[in-house]
Amino acid sequence: MRTHQCGELRPEHIGQQVTLTGWVATRREHGEKLAFIDVRDYTGVTQCVVDNTVDVRSEYVVRVTGTVAARPAENVNDRLVTGGIELQDCDVQILNSAEAPPFPVNERADQVAENTRLQYRFIDIRRERMQRNLRLRAAINSAIRTSMEAQGFVEVETPMLVPSTPEGAREFIVPSRQQPGSFYALPQSPQLFKQLLMVAGIDRYYQMARCLRDEDLRADRQYEFMQLDAEMSFVNQADVHQAIGAAVVAAAKAAGQDPGDIVKMTWHEAMNRFGSDKPDLRFGMELNDLTEVFTATEFKAFAGAACIKGINATGKAEENGRNKLDGMTDKAKKMGAKGLVWLKVAVDGTLESPVAKFLSEAEQTALKTVLAAQPGDLLLIVADKWDTTCEVLGTLRCDLGRPPVFEGPYRYLWVVDFPMFVGVDEASGRPIPAHHPFTQPHPDDLHMLEADPMNVRSQAYDLVLNGWELGSGSIRIHQHELQARIFSILGISDEEAQKKFGFFLNPFRYGAPPHGGFAFGVDRLVAILAGEENIREVIAFPKTQSGMDPMTNAPTPVAQKQLDDLGIRVLPPKA
């Protein structure tokens with residue numbers, strides 16, 4: 001039906017008769033006899049000179065045949081790749097008429113309420129921004145697949161109806177009609193199945209897996225999401241990092257980005273320097289230890305504190321008035337800190353703050369030295385437990401200095417040596433695992449598992465990009481004895497382990513190789529590479545933050561007969 005796409009024509013096509021198909025973007029009168037219509041498809045737009053009697057309006061679907069001609073010099077549009085040409089002597093065939101769209105199919109639609117955009121998503125996707133994002137996503141998916149297959153990975157599809165494992169994130173439950181009273185769950189991840197594939201000898205597995213979690217939605221989370229899921233046999237951490245890193249580099253290059261080197265940092269270093277296990281390396285403002293500066297302090301807020309750290313918000317003293325500083329203090333307290341100390345560096349180098357009078361001259365001098373303070377800087381200090389101090393200052397660091405996601409450079413980071421456990425359950429007194437209970441402990445810390453579990457490191461690792469956690473992985477436990485030891489520490493008896501994980505654990509008695517894996521969120525990666533703050537902008541048909549789909553009205557009630565077939569009775573909502 002067409003000879004060219006709407007964005008393909010150039011001056012070298014002048015004199016050729018061509019046929020275009022697409023949607024009418026705009027119609028403009030040109031005197032009494034002629035009109036201009038811009039015909040659009042996903043590649044761009046071409047201006048067509050048509051008879052004024054042609055009755056077409058915005059979003060009509062048309063087929064236009066005409067001769068490519070040079071635009072008059074005064075009408076050349078340098079903003080368009082087709083801006084130097086137009087179609088003349090046009091014959092227009094209306095393939096379908098259209099009602100007026102609820103919003104313009106251009107970038108002004110960004111100002112339209114999101115619910116309206118999602119209700120008419122099929123129109124929203126016609127826009128250049130959405131076309132670009134979805135086609136970029138396709139290119140990234142293709143690059144990832146090509147990279148994985150070049151490295152010897154085999155794509156295997158795992159089940160969508162799986163047993164419930166309620167220890168993880170909240171699941172979506174699916175009732176079974178043939179087994180009344182029993183339920184499937186939709187997979188949070190293919191974790192158990194991909195490890196079984198290693199027992200089965202697949203050796204290198206991958207999948208562009210659709211996963212589902214019934215968790216509250218936000219800018220970087222949807223109920224359903226796509227992830228690159230991978231598992232490898234006979235590997236260590238470095239092998240996994242190399243394979244996944246190659247796929248990430250391929251994805252970045254497909255998006256026209258230079259990924260640079262993927263650096264590595266331990267969890268403890270990341271927390272100590274940046275106050276986050278997913279640090280954004282694009283800017284400084286690192287945390288500095290001030291404990292020694294205030295060893296002998298008489299300032300009560302600092303005296304005896306386990307950890308004192310500070311950050312220098314360079315040049316931000318003037319823009320942060322008392323109201324903003326009070327807001328930061330309130331935020332620090334809500335996060336668990338006893339308070340927040342702020343000091344501004346005046347033009348003459350003195351420190352201005354309600355607490356400055358409580359600090360000795362030597363302490364003030366040392367403070368400015370450690371934080372490299374200069375006039376106009378804002379100094380923020382927290383004194384508390386190490387983890388609280390780091391987390392509060394890490395949050396304030398991002399609030400004050402983090403660039404928008406679309407600003408480069410792109411800084412990839414492996415965070416390694418996460419803690420094996422993150423706390424103690426008050427009811428049972430047992431350690432709480434930081435990851436799933438199949439994560440391999442660090443070999444150097446095995447002797448501390450029972451005696452000092454909170455200081456045991458795991459062989460878990462995260463991949464971080466510009467402050468966003470792309471995904472997580474670990475080396476898995478493949479030995480029955482070590483797995484039983486971990487279960488014992490967690491208070492899981494042999495009987496309970498068999499009941500919950502028997503289908504997964506039993507195959508490991510038949511020769512499980514050492515193995516490890518990883519999964520990263522494709523939605524998040526594409527969003528960052530597309531320069532989008534919200535993953536909904538790179539998903540064709542996402543849900544709103546409340547979990548609704550304005551286009552299909554999902555979720556919706558179902559017919560009583562369906563509920564009867566499933567043996568389900570719907571109770572009224574709790575008051």
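Helix H7 (residues 322–334) and helix H9 (residues 386–401) pack at an angle of about 145°, and their axes lie 10 Å apart. This is a predicted model, in which local features need pLDDT of at least 70 and side-chain atom pairs count only at pLDDT 80 or more, while totals for chains, interfaces and linings use all residues. Residues are numbered from 1 along each chain as its sequence is written, and side-chain values use heavy atoms, with hydrogens and water left out.

**H7 and H9**
- The crossing of H7 past H9 is right-handed.
- From H7, Met 328, Lys 331 and Ala 332 meet Val 392, Thr 395, Leu 396, Asp 399 and Leu 400 of H9 (contact means heavy atoms within 4.5 Å).
- By type, the residues of this contact of H7 with H9 are 5 nonpolar, 1 polar and 2 charged.

**Helix H8**
- Glu 363, Gln 364 and Leu 367 are buried in H8 (residues 361–370), where buried means under 20% relative accessible area and exposed over 50%, with a 1.4 Å probe and protein chains only.
- Seen down the axis of H8, these buried residues fall within an arc of 100°, so they line one face of the helix.
- They pack against strands E14 (341–345), E15 (351–352) and E16 (378–384).
- The face of H8 turned away from the buried side carries exposed Glu 361, Ala 362 and Thr 369.
- Just after H8, have a look at Ala 372, which takes a positive phi of about 50°.

**Asp 417**
- Asp 417 sits in the loop between strand E17 (412–416) and strand E18 (421–424).
- Asp 417 is buried, with a relative accessible area of 16%.
- Leaving aside residues up to four places away in sequence, Asp 417 touches Gln 237, Thr 266, Trp 267, His 442, Arg 457, Ser 458 and Ala 460.

Note on methods
Axes are lines fitted to C-alpha atoms, for helices over the stretch in contact, and angles run from 0 to 180 degrees between N-to-C directions. Helices (H or I, at least four residues) and strands (E, at least two) are DSSP runs, numbered from the N terminus. A crossing is left-handed if the near helix is turned anticlockwise from the far one by less than a right angle, and right-handed if clockwise. Ala, Val, Leu, Ile, Met, Phe, Trp, Tyr, Cys and Pro count as nonpolar, Asp, Glu, Lys and Arg as charged, and the others, Gly among them, as polar. The arc is that of the directions from the helix axis to the C-beta atoms.
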